[in-house]
There are 2 protein chains.
Amino acid sequence: MIQYACVFIVVFTTGLCSRVQAQEAKKEKYVLVVHGGAGAIARDKITPDQEKAYKAAVTQALQAGYQQIKQGKTSLDAVVSAIETMENNPIFNAGKGAVFTNEGKNELDASIMDGATRKAGAVAGVTTIKNPIKAARMVMDKSNHVMLAGKGAEEFAEQMGLEIVPASYFFTEHRWKRIQELLKEESNKIELDHDNKQSSLLSNTTDRDKIGTVGAVALDKQGNLAAGTSTGGMTNKKFGRIGDSPIIGSGNYANHEVAVSCTGWGEFFMRTVAAYNVASRMNLLNKSVNEASEDTIDEIGDMGGTGGLIALDKNGNYAAPYNTSGMYRGMITENGTVEFYIY
Amino acid sequence: MIQYACVFIVVFTTGLCSRVQAQEAKKEKYVLVVHGGAGAIARDKITPDQEKAYKAAVTQALQAGYQQIKQGKTSLDAVVSAIETMENNPIFNAGKGAVFTNEGKNELDASIMDGATRKAGAVAGVTTIKNPIKAARMVMDKSNHVMLAGKGAEEFAEQMGLEIVPASYFFTEHRWKRIQELLKEESNKIELDHDNKQSSLLSNTTDRDKIGTVGAVALDKQGNLAAGTSTGGMTNKKFGRIGDSPIIGSGNYANHEVAVSCTGWGEFFMRTVAAYNVASRMNLLNKSVNEASEDTIDEIGDMGGTGGLIALDKNGNYAAPYNTSGMYRGMITENGTVEFYIY
């Protein structure tokens, strides 16, 4: 009985909040939140220069997306612009800077979802598309499909006029060194890009190795939400492994109420259907974005998984829980102020 | 206030039901439900011989899975056995009998999930694995991954000792004729395997063309649930399109409470995260398997999507809603009686 009494109070309070925030939304409230991966980011090992580089990269992403929304473009435009800058920046494991597979290739995945229409697009296992997030958007906008994979996805992107690059474009010295070290150590070992436990087995991993997937969630002036996620997956991955990033519902999801982008040990985010898990808790249990996001990360943690997510609701409230030691993330609102956090 | 009063009643009633059904479960209650695709199955066009063939195929699948459970094996074993028979039967669009892509290939997808552990496995876009459902199970049991795609998945299956066949094994005359007709009619037309609207554009489609994805959900003597799904996707699909069948949360999902397998216009099942959608409604809203399944199909219908699903709860209650003209489906319980339905 006490529990039900609580439900009444919560519903009532949320009702009040919604009205207050709806008024704020009329004052052109808009928000963009990005992440650059969750993982084992040791406070005592990250140098001031490294921290500065991540802050600069996150700030660049936020400002690129912010300009889109400020100019009246959509949350989808903001998400694509923000992620594009991160895909082009070799410090993230997405686009240029992606980790190498066991076969010495860079296989990229990305997805996007439009909260207003619940249309979605994704590409998986692509090796020649400069900006996979743009290809995901093309799949959503210009095909009848949600997900295209491999060579087929590359052909589609080329037909759509997207920039195609030689596979060597994605080469970065630090990722190449890392895969060579791993292959030497144990050819069968799969280093999970974000996994503390497995990473700790590798004495010579650097903080740079652990930077993961990138993602963005945005609320535009029209009150519409969008979410995008892009990744190079796991270092030393084999057998055409696809993680959660291109899976609608797992690594990415958006509807009228919330937009979610995840990063972490992909298999656990797939098994818990993490992004839609957050949305369901909000939609069906009337939980706040904060509660819903934390409950989902707790569910992943209980299962043994690690990672984090960013979630943004229709009123501009956001959450960014993680169960790793850190998650690179930042946010910008209509006043243009950038916030950046690692821990 | 009235709404909340209702909640109390529902919770109370469900509580009583659960106890009654839990006692039944102790009497070795077990159930297997399979589907052979939802689509435009016209009552006046299906011949008695065709109906007989589907009934025989569904019965074979049910009996194969039933034997597993009867012998004390798991719901996972039952799901694999049932789907294996359907993959080997050319009347279904899965395994042998899969539809052709625009390039004249058979690209297969499959997934499986263990409700007891929420472990999952999937393969996508494979062309040489005789039984993709077995490969999905190997991914779950023998790798750290959930999803493997393309050549990598095939290599993995081969290393695991699964039967590899030449691509020509999947050739069937009726599917080949169909793709040739389609390519002639319009090289760019994508015929959705289950879509009434698109199929109606094609005057010469046969009922056989519309038989879709296969799936199975099982409850074993230990009270554990499992779900599996296998497909050849859409006739004339292009660009490495992946549908909902290999996507955990969309085409397939299982937990302690419910197991779900979907069939239909995959893109809509991906956008609504259909299989997990059913599970969420049950878990978070305490809805029955019937209500939750129907609500999900309604959500897909509201969005413009077509298809169906089978869902089985931990007490052996099942639902099989669809918004197409028919869905091949059948069920068997511990007494060994087979039921078969199309409409």
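**View 1. A salt bridge joins two helices of chain A.** In this predicted model, A:Lys134 and A:Glu84 form a salt bridge, with their closest N and O atoms 3.1 Å apart. A salt bridge here is a side-chain nitrogen of Lys or Arg within 4 Å of a carboxyl oxygen of Asp or Glu. The pair links distant parts of the chain, 50 residues apart: A:Lys134 sits in helix α4 (residues 132–142) of chain A and A:Glu84 in helix α3 (residues 75–88) of chain A. Helices are DSSP runs of H or I with at least four residues, strands are runs of E with at least two, and both are numbered from the N terminus. Over all chains, the rule gives 22 salt bridges.

A note for finding your way: residues are numbered from 1 along each chain as its sequence is written, while chains are lettered from A and ligands numbered from 1 in the order in which they are written. As the model is predicted, local features need pLDDT of at least 70 and side-chain atom pairs count only at pLDDT 80 or more, while totals for chains, interfaces and linings use all residues; side-chain values use heavy atoms, leaving out hydrogens and water.

**View 2. Chain A meets chain B.** Each chain brings residues to this contact (heavy atoms within 4.5 Å): 47 from chain A and 47 from chain B. Together the two chains bury about 3,900 Å², 67% of it on carbon and sulfur atoms. Buried area is the accessible area (1.4 Å probe) that two parts lose on being put together, summed over both. In chain A, the residues that lose the most area to chain B are A:Arg118, A:Phe239 and A:Arg271, together 19% of what that side buries.

View 3. Two salt bridges cross between chain A and chain B. In one of them, B:Arg118 pairs with A:Glu299, the closest N and O atoms being 2.8 Å apart.

**View 4. A strand of chain A pairs with a strand of chain B.** Look for β7(A) beside strand β4 (residues 147–149) of chain B, paired in the antiparallel sense over two bridges. A:Arg241 has B:Leu148 in β4(B) as its bridge partner. Two strands pair if DSSP finds at least two bridges between them.

**View 5. The open sheet of chain A.** Four strands with antiparallel pairing follow the order β8-β9-β10-β11 in chain A. At the edges stand β8 (252–254) and β11 (318–319) of chain A, each with a single partner strand, so one side of each is left without a neighbour in the sheet. β8(A) pairs with strand β9 (residues 258–264) of chain A over three bridges, and A:Tyr253 has A:Val260 as its bridge partner in β9(A). Helix α9(A) packs on the sheet, touching β8, β9 and β10 (307–313) of chain A, at about 145 degrees to β9(A). Helix α10(A) touches β9, β10 and β11 of chain A, at about 160 degrees to β10(A). Axes are lines fitted to C-alpha atoms, for helices over the stretch in contact, and angles run from 0 to 180 degrees between N-to-C directions.
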